[in-house]
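Here are a few exercises to work through with the model open in your viewer. Try each one before you read its solution.

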Amino acid sequence: MKDQLARFPRLGIAHLPTPLEPMKRLTAHLAPDGNGPRLWVKREDCTGVGLGGNKLRKLDYVLSEAVASGADTLVSGGVVQSNSQRQVAAAAARLGFHCHLAVYHGRLAPPAPDYERTGNALLNRLFGATLHDVPWNGDRNGAIRDLAEQLQAQGRKPYLVPYGVSSPLGAVAYASTVVEIAAQAEALGFTPHAIVHCSGSGATQAGLVVGARACLPTTRVVGIDIDAEPERVRADVLRFAEGAADLLGEPFFPEGVEVVAGLAGPAYGVPHAATVEAIRLGAALEALVLDPVYSGKGLAGLIALIRTGRWTAGQDIVFIHTGGAPALFAYRHLFD
Ligand SMILES: *Cc1c(COP(=O)(O)O)cnc(C)c1O
């Protein structure tokens, strides 16, 4: 897998490898008598540029294409508190691209009065992105494509970064996470029984599945659906995994794709009590800053699966902290 990945150019702006750390206090909290799995965290929140997150790893590969294409403008989009578009804006600032973002309104009701001014929305403006307000209509890439066409008609050279930086190449990038986990876990003396993370636009899980098949074949990848749309998530993961396997010259095994439904609240961007509990536990026990849209729901899903007894003592579970901390500030009312 390492050699195949080396064929894909990387910009080197993301801080990689990210650390793999034990979560000893959370492990003990969830199983005080030592009868639960050992928990680890892969710090994909520590990818560096503009407060980091999982999209930076994808962008490190995907934007090589933007640079090679001679583009002058990155075009992407997402909801008001999207971590993805904030990381595109940060990478654009770092690399000297203009950045235009389609900001989707209406996918969720603003949870707080300052939702549109704080967190990722504030950072987008600081990074110098031009924001275009558009209504959410369920088509994730439609308004981004329209915006790219408009900019092209104005004489710009746009490079389109898809919603969530999810594409076959974005998934290829995420296979590199498993190469890192395999080496780090070996040095720490364990083989992960499972890798657990939250899944949204799908390329993160797609890359993990393809990477795990090649470098950690006994490790199960478990995606927690945070969209309350498990069939859509599963279909996208399958599509990107197939595309990534093809690009890497690896066989594709759809049975490696597991999307767990029903553990992450009623809807996208709407946290439930277990999300709030997970965010509190992550912070108080491990000093992790999780968010109410993605990573907090991912940890809530992991905790729920542990409480159902899915894993036993002696098994090692790696939770991927995919980032999202800036969005926490748009939901501060949950913690007042
Ligand atoms: C985008 C995102 C995810 C989900 O990754 P996908 O590749 O879109 O499935 C998870 N966590 C955070 C914090 C994100 O921003």
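**Exercise 1.** By class, how many nonpolar, polar and charged residues are there in the lining of the largest cavity?

*Solution.* Bear in mind that this is a predicted model. Start with the search of the whole structure, which turns up 2 cavities of 30 Å³ or more. Pick the largest, with a volume of about 270 Å³. Its lining is made of 28 residues. Sort them by class and you get 17 polar, 6 charged and 5 nonpolar residues.

**Exercise 2.** Work out which residues lie nearest the centre of the largest cavity, and which elements and domains supply its lining.

*Solution.* Step one, the centre: Asn54, Lys55, Gly200, Ser201 and Tyr294 are the lining residues that lie nearest to it. Step two, the elements: at least two lining residues come from each of helix 3, strand 3, helix 4, strand 7 (194–199) and helix 8 (203–215). Step three, the domains: domain 1 (2–52 + 167–335) and domain 2 (54–165) each put at least three residues into this lining.

**Exercise 3.** Now do the second largest cavity: what is its volume, and what lines it?

*Solution.* The space here comes to about 40 Å³. Classed up, that makes 8 nonpolar and 3 polar residues, with no charged ones. Check the domains too: domain 1 (2–52 + 167–335) and domain 2 (54–165) each give at least three residues to the lining of the second largest cavity.

**Exercise 4.** Trace the open sheet of 4 strands: what is the strand order, and which strands are at the edges?

*Solution.* Read across the sheet and the order is 5-4-3-6, with parallel pairing. The edges are strand 5 (130–135) and strand 6 (158–160), each of which pairs on one side only. From one strand to the next, the twist averages 30 degrees. Zoom in on strand 3 (residues 73–79) and strand 4 (residues 98–105): this parallel pair is joined by 7 bridges. For one spot to check, Leu74 has Cys99 in strand 4 as its bridge partner.

**Exercise 5.** Which strands do helix 3 and helix 4 lie against, and at what angles do they run?

*Solution.* Helix 4 (residues 83–95) packs on the sheet where it touches strand 3 and strand 4, and its direction makes about 170 degrees with that of strand 4. Helix 3 (residues 54–68) lies across strand 3 and strand 6, at about 155 degrees to strand 6.

Methods. Residues are numbered from 1 along each chain as its sequence is written. This is a predicted model: local features need pLDDT of at least 70, side-chain atom pairs count only at pLDDT 80 or more; totals for chains, interfaces and linings use all residues. Side-chain values use heavy atoms; hydrogens and water are left out. Two strands pair if DSSP finds at least two bridges between them. Axes are lines fitted to C-alpha atoms, for helices over the stretch in contact, and angles run from 0 to 180 degrees between N-to-C directions. Contact means heavy atoms within 4.5 Å. On a 1 Å grid over the protein atoms alone, a cavity is a set of points where a 1.4 Å probe fits but cannot get out, and a pocket is an open set with protein on both sides within 12 Å along at least five of seven lines; lining residues have an atom within 4 Å of a point. Grid points are joined across faces, edges and corners, and a volume is the space filled by probe spheres set on the points. Ala, Val, Leu, Ile, Met, Phe, Trp, Tyr, Cys and Pro count as nonpolar, Asp, Glu, Lys and Arg as charged, and the others, Gly among them, as polar. Domain bounds come from an automatic or database domain assignment.
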